[in-house]
Amino acid sequence: MISSGYDFDTRIDRSGTNCEKWDDIESVFGKEGLMPFWVADMDFKSAPEIVDTLRQKLEFGVFGYPTEQIGKYQAVVANWESKRHGWKISPDDVGFMPGVITGLSVAICEFTEPGDGIVIQPPIYPPFFREIRHNGRTVVENPLMETENGYAMDLDNLREALKPGVSALILCSPHNPVSRVWGLQELAELGQICLERGVTVICDEIHQDIVFSDAKHIPLSLACPKLDEKLVTFISPSKTFNLAGLRASAWIARDKKIADRMRRALNRFHLSGLNMFGLAALEAAYTKGEAWLDAALAYLEKNRGLVERFIREKMPRVKLRHPEGTYIFWLDFRDYGLKNPELMDILINKAGVALNDGASFGEGGKGFVRLNVGCPRTQLEDGLKRIAEAFGNLEGNRS
Ligand SMILES: Cc1ncc(COP(=O)(O)O)c(C=O)c1O
């Protein structure tokens, strides 16, 4: 422990708590007892400031309808964006929905037509493919490029991809799974291209707050202010404060027409109201959570250092581009020449760990897996050792 006063070191056994990351392992990976490094939540307790707020709510014991006067919560979100990201928005630009994927899906339906193309940039968070297809739209891929300096958006190809019939682009910023925190220039250029082509940008900034000290998150709206007339952005305290189970997220649209359309589209299905615990947690997170978050970021950054060192020293055939943000890292096992099912077989059956299969992230995922480092350091070390031993044995067997 614990120079910050917050405890990220205690290992918490979450099994038997109806938790996807721990309790769904057997049904997803076909084997029980694996160490979980997959679903993107953290094996830490949330900020004590948030837990105390929720405890008071719980002990009050009356769980009737929460207020519909959401001005206070809109202001809390606006204040957070200003304080943490320098993004000055009005409380009126903010609305709520249970999850970012809910909002994304509603935006797809509201701002595009059935059959339209929507651009995404694989490798990418798999639900982007799913939500486009579920809503009867077509996936148009603009794969990321691997350059000497890391992953980059292929903006020349984007110009090609934005043909007539393509009406939106979904941006992931910071990018899951490659851990890029996009820079000002590339965001501004992307915004400009989308503006010229008249496409709506659905911008998923759920990972906005998990950014390491050598990078800086820039909201797309700040990088390209003119794009506001075609932009809706999604954020949430869920990744930042480990609150995903409370289902509280927010959209931000600076353009009144876009904001009105988002509000109406969500209201059509009564999706704007959050549950009282979600609302309370969101408020506590954004008003009392900063010290915890700064401590969590410092902890996660040390986990990043550990993973980078470990890979360099013990698994030099694995490559990891320096992660700039998020707590999910994109490990490149291509040097082993294995197909993804073989890679997963070794991780599951030899190493006893559950990581996400890179193939599920689309183009560019072959030979990759995604590792969640949002856990106590000893847990991470144990997982890494298991992986190194499994692959060490593999090399031993083959030589
Ligand atoms: C980029 C991205 N968007 C959305 C989500 C999920 O958001 P929600 O649970 O609010 O629907 C995740 C979770 O991993 C994510 O990584």
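Mentor: Let us begin with a pair of strands. Strand β7 (residues 166–172) and β8 pair in the parallel sense over five bridges; two strands count as paired if DSSP finds at least two bridges between them. Helices (H or I, at least four residues) and strands (E, at least two) are DSSP runs, numbered from the N terminus. This is a predicted model: local features need pLDDT of at least 70, side-chain atom pairs count only at pLDDT 80 or more, and totals for chains, interfaces and linings use all residues. Residues are numbered from 1 along each chain as its sequence is written.

Trainee: Which residue of β8 is the bridge partner of I170?

Mentor: The partner of I170 is I202.

Trainee: How many residues of β8 are buried?

Mentor: In a regular strand the side chains alternate between the two faces of the sheet. In β8 (residues 200–204), five of five residues are buried, that is, 20 or more other C-beta atoms lie within 10 Å of their own, with C-beta atoms placed from the backbone. T200, I202 and D204 lie on one side, V201 and C203 on the other, and both faces are covered.

Trainee: What span does helix α13 reach?

Mentor: The expected span is 1.5 Å times one less than the number of residues. Helix α13 (residues 290–314) has 25 residues and reaches 35 Å from its first C-alpha to its last, close to the 36 Å expected. Its buried residues include W292, Y299 and R304.

Trainee: Into which domains is the chain divided?

Mentor: The bounds come from an automatic or database domain assignment, which gives domain 1 (20–48 + 290–398) and domain 2 (65–288). Their C-alpha centres lie 26 Å apart. The contact takes 28 residues from domain 1 and 32 residues from domain 2, where contact requires C-beta atoms, placed from the backbone, within 7 Å. On the side of domain 1 that touches domain 2, α13 gives the most, with four residues.

Conventions
A residue is buried if 20 or more other C-beta atoms lie within 10 Å of its own, exposed if 12 or fewer, and partly exposed in between; C-beta atoms are placed from the backbone. Two residues are in contact if their C-beta atoms, placed from the backbone, lie within 7 Å.
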